[in-house]
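The entries follow the order in which I went through the structure.

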Amino acid sequence: MTTAYRASRALLSTPTSYTVTVGDPLIIATPDGKSLPRPLLLQIGPGSGGTMTIETRAAAGAAWIAWPDGASAVATQRLFGAPCQAIRVTAGVADGIFSIGD
């Protein structure tokens with residue numbers, strides 16, 4: 001599991017992209033347990049033949065909840081405005097790209 005701590009709005013003001021490797025979910029979380037800044041623009045770009053899933057959790061230790069698009073095999077973006085402490089991105093079958101910004 002790869003964890004990227006992006007706690008402040010200043011850090012998210014420039015969109016950032018990450019490669020998400022199959023078997024190594026990416027977690028964007030605040031180290032202090034507070035909510036991530038919002039709204040956030042979340043974008044996934046699955047690799048050829050692959051899928052990607054985004055999940056969020058309200059607080060550290062809470063259950064992960066899948067975003068409404070489920071596992072997506074096509075490039076998808078969504079403006080996410082709900083409070084959350086962390087975002088987890090998982091790639092299936094092929095590595096993909098996850099981008100986040102506000």
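I took two strands as paired if DSSP finds at least two bridges between them, and I took strands (E, at least two residues) as DSSP runs numbered from the N terminus. The model is a predicted one, in which local features need pLDDT of at least 70, side-chain atom pairs count only at pLDDT 80 or more, and totals for chains, interfaces and linings use all residues. Residues are numbered from 1 along each chain as its sequence is written, and side-chain values use heavy atoms, with hydrogens and water left out.

I found an open sheet of 4 strands in the order 2-9-4-7, with antiparallel pairing. Strand 2 (16-20) and strand 7 stand at the edges with a single partner strand each, so one side of each has no neighbour in the sheet. I noted that neighbouring strands are turned by 20 degrees against each other on average, direction ignored, the axes being lines fitted to C-alpha atoms.

Strand 4. I then followed strand 4 (residues 40-45), which is joined antiparallel to strand 7 (residues 76-80) by 5 bridges and antiparallel to strand 9 (residues 96-101) by 5 bridges. I44 stands opposite T76 in strand 7, and its bridge partner in strand 9 is F98.

Loop. I located A62 in the loop between strand 5 (51-57) and strand 6 (65-66). A62 and A86 lie 24 residues apart in sequence and 9.8 Å apart in space, C-alpha to C-alpha.

Methods: Axes fitted to C-alpha atoms, helices over the stretch in contact; angles between N-to-C directions.
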